[in-house]
Amino acid sequence: MSAPPLTLALLNSMNQTGFVTALGFAFELSPWVVERAWSARPFDSIEAMHGAMMQVLNAAPLDDRLALIRAHPELAGKAAIARQLTAESTAEQAGAGLDRLTPEEFARFHDLNAAYGKRFGFPFIIAVRLNDKASILRAMQARLANDREAEVAEAIAQIGLISKLRIQDAVTQ
């Protein structure tokens, strides 16, 4: 027997533990975002619910935002090779073809991941479901020119896109 579909009405009726259990996956290994947004219920729409979560994230101390960014895996990195990604990240990276890289593409991702990590101290974040291998590589190269503050903001914006897509997949109006 499968679990009932997640509806907005069901989520609005849940206690905090149930709400976090149901949606904690949306922000990579960081259910605190969902937990802190629970008190903003009831939500009129999926967009309003996600908006409340993004308000929590944007108001969080820098250390919390950086911890969320660092919870994300490198694209086509060691965790992916070792099959240690969350189910969501595995599916997202596979959807962008990152599980089928040529040796040259893999080397390029590895080099850019290393340069990006050295420059910013956290992994490159992009909504891979909205991109392909080529656009991801172009973005990695281009974003290396950003300053750290701009890149933290861009990583949070990308996490917003990722989490919104995950929630839209899981919840019906």
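I began with the two domains and found that 23 Å separate the centres of domain 1 and domain 2, taken over C-alpha atoms. The model is a predicted one. I noted the bounds as 8–66 for domain 1 and 73–170 for domain 2.

Next I looked up the contact between them. Domain 1 brings 16 residues to the contact, and domain 2 brings 16 residues. I recorded a buried area of about 1,400 Å² between domain 1 and domain 2, with 73% of that area from carbon and sulfur atoms. On the domain 1 side, I listed Phe25, Glu28 and His50 as the residues that lose the most area to domain 2; together they make up 38% of what that side buries.

The rule finds 1 salt bridge across the interface of domain 1 and domain 2. I also looked up the side chains of Glu28 and Arg166, which form a salt bridge at 2.9 Å, N to O. The elements giving two or more residues to the side of domain 1 that touches domain 2 are α4 (46–59) and α5 (62–71). Of the elements on that side, α4 gives the most, with 8 residues.

Last, I turned to helix α7, residues 87–95. I found Ser89, Glu92 and Gln93 buried there. These residues lie on the same side of α7 because they cover an arc of only 95° around the axis. I found Ala87, Ala91 and Gly95 exposed on the other side of α7. Just after α7, I noted a positive phi of about 80° at Gly97.

How values were computed: Residues are numbered from 1 along each chain as its sequence is written. This is a predicted model: local features need pLDDT of at least 70, side-chain atom pairs count only at pLDDT 80 or more; totals for chains, interfaces and linings use all residues. Side-chain values use heavy atoms; hydrogens and water are left out. Buried means under 20% relative accessible area, exposed over 50%, partly exposed in between (1.4 Å probe, protein chains only). Helices (H or I, at least four residues) and strands (E, at least two) are DSSP runs, numbered from the N terminus. The arc is that of the directions from the helix axis to the C-beta atoms. Domain bounds come from an automatic or database domain assignment. Contact means heavy atoms within 4.5 Å. Buried area is the accessible area (1.4 Å probe) that two parts lose on being put together, summed over both. A salt bridge is a side-chain nitrogen of Lys or Arg within 4 Å of a carboxyl oxygen of Asp or Glu.
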